[in-house]
Amino acid sequence: MWFLSLHAAWAATLQVPGAYPTVVEALEASAPGDEVVVGPGVWDGPFVVPHTLTLRGYGEATVLRADEEAEGEEVLEFEGPGDLTLEQLLIDGEGAVRGIDVVSAHLTLVDVRLIRGTREGNGGNLRLREGATATAERAVFLDGSAINGGNVAVYGGSFSCTDCVLRGGVAGR
């Protein structure tokens, strides 16, 4: 008896802009395993990733941020189980919001910049909790601030970084 996984064969690439005018609409329309490719520009969230997928931009030309009325929320949130891959994005937490919050899932960051994440709680730019794990490659974490873990806070999980920069994080604010 043969078993074959056709998941990869059915994965789609969703383009923003193009087929979808906003990142939020593309995420809502995505299926597990899809890739959402976001063009250059400033894209307002917050963004809730519903399942395993890849979110790819065009480097610092693709900025994800929370809209001005989203104070107290994350720019991007992912609750597992599952895997989220972020590539070539700038995630800007300016305006008193955390950059990324991951719960019970795995996050892979490749060529991502997280800047100015601010939170009264823990983890200004990145918070991993309830067993969440993350691996980062060539990622930059700048000027995050929080009570604990200015740039990165990990609770019950793990974080590994290769060729990364963590600078300007302030804890205990």
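Begin by selecting arginine 129 and aspartate 101, which form a salt bridge whose closest N and O atoms are 2.8 Å apart. The model is predicted. This pair joins distant parts of the chain: arginine 129 belongs to strand β13 (residues 126-129) and aspartate 101 to strand β10 (residues 98-103), 28 residues apart.

Aspartate 101 has a relative accessible area of 1%, and because the limit for buried is under 20%, aspartate 101 counts as buried.

Now extend the selection to Arg127 and Glu130. Together with Asp101 and Arg129, these residues are linked in a network of salt bridges.

Next, select arginine 138 and aspartate 111. Their side chains form a salt bridge, with 2.7 Å between the closest N and O atoms. Arginine 138 lies in the loop between β14 (133-137) and β15 (140-142), and aspartate 111 in the loop between β11 (106-110) and β12 (113-115), so the pair ties together parts that are 27 residues apart in sequence. Arginine 138 is partly exposed, at 38% relative accessibility, and aspartate 111 is partly exposed as well, at 29%.

Move on to arginine 56 and glutamate 87, whose side chains meet in a salt bridge at 2.4 Å, N to O. This pair also links distant parts of the chain: arginine 56 is in strand β5 (residues 53-56) and glutamate 87 in strand β8 (residues 83-87), 31 residues apart. Arginine 56 counts as partly exposed, at 24% relative accessibility, whereas glutamate 87 is buried, with a relative accessible area of 17%.

Which residue of β11 is its bridge partner? The partner of glutamate 87 there is valine 110. The strands concerned, β8 and β11, pair in the parallel sense over 5 bridges.

Then display the whole sheet to which these strands belong. Its 7 strands form an open, parallel sheet in the order β1-β2-β5-β8-β11-β14-β18. At the edges are β1 (13-16) and β18 (158-162), each pairing on one side only. Neighbouring strands of this sheet are turned against each other by 10° on average, direction ignored.

To finish, show every salt bridge in the model: the count comes to 13. Among them are the pairs arginine 129 with aspartate 101, arginine 138 with aspartate 111, and arginine 56 with glutamate 87.

Technical notes. Residues are numbered from 1 along each chain as its sequence is written. This is a predicted model: local features need pLDDT of at least 70, side-chain atom pairs count only at pLDDT 80 or more; totals for chains, interfaces and linings use all residues. Side-chain values use heavy atoms; hydrogens and water are left out. A salt bridge is a side-chain nitrogen of Lys or Arg within 4 Å of a carboxyl oxygen of Asp or Glu. Helices (H or I, at least four residues) and strands (E, at least two) are DSSP runs, numbered from the N terminus. Buried means under 20% relative accessible area, exposed over 50%, partly exposed in between (1.4 Å probe, protein chains only). Two strands pair if DSSP finds at least two bridges between them. Axes are lines fitted to C-alpha atoms, for helices over the stretch in contact, and angles run from 0 to 180 degrees between N-to-C directions.
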